[in-house]
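Welcome! Have the sequence and the 3D view at hand as you read.

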Amino acid sequence: MITFLIGVAILIVGYFTYGKFVERIFGPDDRKPPALANPDGVDRVVLPHWKNVLIQLLNIAGIGPVIGVILGIKFGPIVFILLPLGNVLGGAVHDYFSGMVSMRNNGYNVPALSRKFMGKGPSKIVMALISLALILVGAVFTNTPAQLINTPILVGDAVSPTLFWIAIAAIFIYYFLSTFFPIDKIIGRIYPVFGGLLILASVAIFIGIIPNIGVLSEISLSDFAGNFSQHPAKLPIIPMLFVTIACGIISGFHSTQSPLVARTEKSEHLGRQTFYGMMIVEGLIGMVWAAGGMFIYHQMPELITGASGVKVLSTLVSTVIPFAPISALVVIGVIVLAITSGDTSLRSLRLTFAELLDIDQSSTKNRLMLTVPMFAICAAIIFWSNLNPEGFNILWNYFSWSNQLMAVCSLCVSVVYLRSKNKNFWVALGPCLFMSFICFDYILWVSPDNLKGAPLGFGLNYNTALVLAVILSALLGSWLVKRGKKLSTMEGFDADKWDESKDIKNNYHPK
């Protein structure tokens, strides 16, 4: 319990200290944000700050800080420390700069920003990685809530394949509508209700485990001596913990969501609350569900090896909340978490394609032209993953990894942005180097031999993968700093002003 409470304290204190430090580095001012400078009636629309805060929280708090931490707590109580530290020093920094750099540049997404700050070649890699990741997010965040809808806690004693596919269809229809219509017509109206369900679900779980909070393990000296090798499958904490907990510590998906809200805020001075603050709240949500996961594994040890994350979640809810109507409401709250991230992931992908292809999104025809192909690809992935026995495991593994790759892409932009303005770029470079190391290490090490459901990877020796990951991360960091330094001396370059002719069409190429 003490370790858990220390973790909660790190999150709260971190917001009021490190959060303010990061805000001072960026330096918000009174310039007009995109919703006031370039309103378009579809995506750049001023929304009340309280709505923006809830939208940001629901956009970023997907199924990761629930399913991800329930799986991640298998690594032991070290999660209660690594999660908040990673959140304060990495995840919240990532979210803040993702939103604020976008706000300074007309609300544009990471792929477009990467073309301005990193160059044409690297931006193509970023575009491919983020497009793949967002499609996987849409697929996972359709599949998982449909499984939850089909759990016995909601339908009785047995699951129903028919109900599962009906749920898939209903979620997909909602995703299409929320992707297609203006942000204030659907998302801006229903998210406050969803926000209430989210808060209710997390509070209910926390109240349910309070009588048993004493079962939460503490970090001990033996944990350090044993290199925290508590995972039942003996998975190494590096890189697997930081890939398993795809949200809560840091999540690249958030960099695709922060620009959505950057387009609807009315002042830069609200950024710390909206971007940094909501990531801290997601960390608190993750801590609650991690505690719940540790509790249920203590009560039912058999769940720690063979049960899926969805099975553990539903068992946890029914155990700590025996009153069926409330437990069902909590599951609905978790379903909302997934759905309210899946919808905006596909919306963000539409906007990303529109920005890079210069397609006006005020036209209904143009929005359809981009939306329909995206959804066809996503539907095909969902269909395949449910026909293949290992389909969902594969989908989750590569969703998690690609999610962290997105974080690296966004942090790369932040490093170059800060260096080009001669500001303290180390606050972004530190988490950028760490997460690039994690991503390189993962793909160099994994293979079907050492990780079930990981058919793609180089399968190198573990120590070899670690060394190569360090080298590759250092090379990337060095290039980012040099790129930012060159931009800082380039005539006509303005990191805080979006120039369509230079930033997208002509591009900057420092000599």
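Which side chain does arginine 31 meet in a salt bridge? The partner is the side chain of glutamate 268, at 3.8 Å from N to O. This is a predicted model, in which local features need pLDDT of at least 70 and side-chain atom pairs count only at pLDDT 80 or more, while totals for chains, interfaces and linings use all residues. Residues are numbered from 1 along each chain as its sequence is written, and side-chain values use heavy atoms, with hydrogens and water left out.

**Salt bridges**

- A search of the whole structure finds seven salt bridges, each being a side-chain nitrogen of Lys or Arg within 4 Å of a carboxyl oxygen of Asp or Glu.
- Arginine 31 sits in the loop between H2 and helix H3 (34-37) and glutamate 268 in the loop between helix H14 (253-262) and H15, so their pairing ties together parts that are 237 residues apart in sequence.
- Glutamate 268 is buried at 2% relative accessible area, whereas arginine 31 is partly exposed at 34%; buried means under 20%, exposed over 50% and partly exposed in between, using a 1.4 Å probe and protein chains only.
- Another salt bridge joins arginine 272 and glutamate 23, at 3.3 Å from N to O. Arginine 272 belongs to helix H15 (residues 271-299) and glutamate 23 to helix H2 (residues 18-26), so this pair ties together parts 249 residues apart in sequence.
- Both arginine 272 and glutamate 23 are buried.
- Arginine 104 forms a salt bridge with aspartate 496, their closest N and O atoms being 3.0 Å apart. Here helix H6 is linked to the loop between H22 and helix H23 (500-506), with the partners 392 residues apart.
- Arginine 104 and aspartate 496 are both buried.
- Through shared partners, salt bridges join Asp29, Arg31, Arg104, Glu268, Lys421 and Asp496 into one network.

**A nonpolar surface patch**

- Val467, Leu468, Ile471, Leu472 and Leu475 make a nonpolar surface patch of about 420 Å²; such patches take residues with over 30% relative accessible area and no salt bridge, joining nonpolar side chains (Val, Leu, Ile, Met, Phe, Trp, Tyr) within 5 Å and like charges within 9 Å.
- Isoleucine 471 is found in helix H22 (residues 462-488), and its 44% relative accessibility makes this residue partly exposed.

**Helix naming**

- Helices (H or I, at least four residues) and strands (E, at least two) are DSSP runs, numbered from the N terminus.

How values were computed
Areas by Shrake-Rupley, 256 points an atom, 1.4 Å probe, with all protein chains shown as cover.
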